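Please look at the sequence and the structure below, and then read the briefing beside them.

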Amino acid sequence: MKIISFMAIKGGVGKTTMAFQLAKYAQKKGNKVLLIDLDSQKSLTDTFVKEHMNFSDVKSIVDLLNNPNVGLIQTNVEQGIDIIPSNNTLDLITDVLITKANKELLLFMWFVKNTIKLNELYDYIIIDLPPAWNLLTKNGVAVSDLIVSPMEPSRFGYDSHQKVLDSI
Ligand SMILES: Nc1ncnc2c1ncn2[C@@H]1O[C@H](COP(=O)(O)OP(=O)(O)OP(=O)(O)O)[C@@H](O)[C@H]1O
Ligand SMILES: [Mg+2]
């Protein structure tokens, strides 16, 4: 199992698009994929949620961050693709998390508790991150084997890419 995150401290550079495309490519190659949407914009989640699916009762990344003991909470969206979706309250919980110990390692703690099962279930875990160096991004970075940072070919694109390297 490999954990791959898409990170940029700049909006609209293609993080979610690349996370989506990598998931579909891995699926095509017969791999099992878990997507984790750590962005409150929830674009990746909405890409996979079909109209007939009722996501109101589904557990989300908010439940996981609130309680890393929650266990496996993924939802199947396609053959070979599961997701731990984002939800609109994700930004609000960062205010709550700020007081917690090890607040940058909540996702890491969840991974540690579920490593054996995750290794059995998935070939790739793909994480979509928000365009900021915040608590959510730090939680994603802390568990990643590989971080992919798309970069806009411009001066500001280069500057923000440099910020990514400095932050890590
Ligand atoms: N390789 C690409 N070439 C051209 N356009 C692209 C490419 N990748 C993504 N786009 C387009 O760029 C826009 C932003 O893409 P996307 O939502 O993936 O960026 P993002 O980095 O996830 O943004 P945000 O920071 O807001 O989450 C979309 O309209 C998408 O279709
Ligand atoms: Mg995005």
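Asn102 counts as partly exposed because its relative accessibility is 47%, where partly exposed lies between buried, under 20% relative accessible area, and exposed, over 50% (1.4 Å probe, protein chains only). This is a predicted model, in which local features need pLDDT of at least 70, side-chain atom pairs count only at pLDDT 80 or more, and totals for chains, interfaces and linings use all residues. Residues are numbered from 1 along each chain as its sequence is written, ligands are numbered from 1 and chains lettered from A in the order in which they are written, and side-chain values use heavy atoms, with hydrogens and water left out.

**Loops with positive phi**
- Asn102 is found in the loop between helix 4 (90-97) and helix 5, helices (H or I, at least four residues) and strands (E, at least two) being DSSP runs numbered from the N terminus, and its phi is near 50°, a positive value in a residue other than glycine.
- Lys42, in the loop between strand 2 (33-37) and helix 2 (43-48), also has a phi near 50°, but Lys42 is buried, with a relative accessible area of 18%.

**Around ligand 1**
- An oxygen atom of ligand 1 lies 2.7 Å from an N or O atom in the side chain of Lys15, and a backbone N or O atom of Gly12 lies 2.9 Å from an oxygen atom of ligand 1.

**Helix 5**
- Phe108, in helix 5 (residues 106-121), is partly exposed, with a relative accessible area of 37%.

Technical notes: A polar contact is a pair of N or O atoms within 3.5 Å; within protein, one must be able to donate a hydrogen and the other to accept it, and residues adjacent in sequence count only if both atoms are side-chain atoms.
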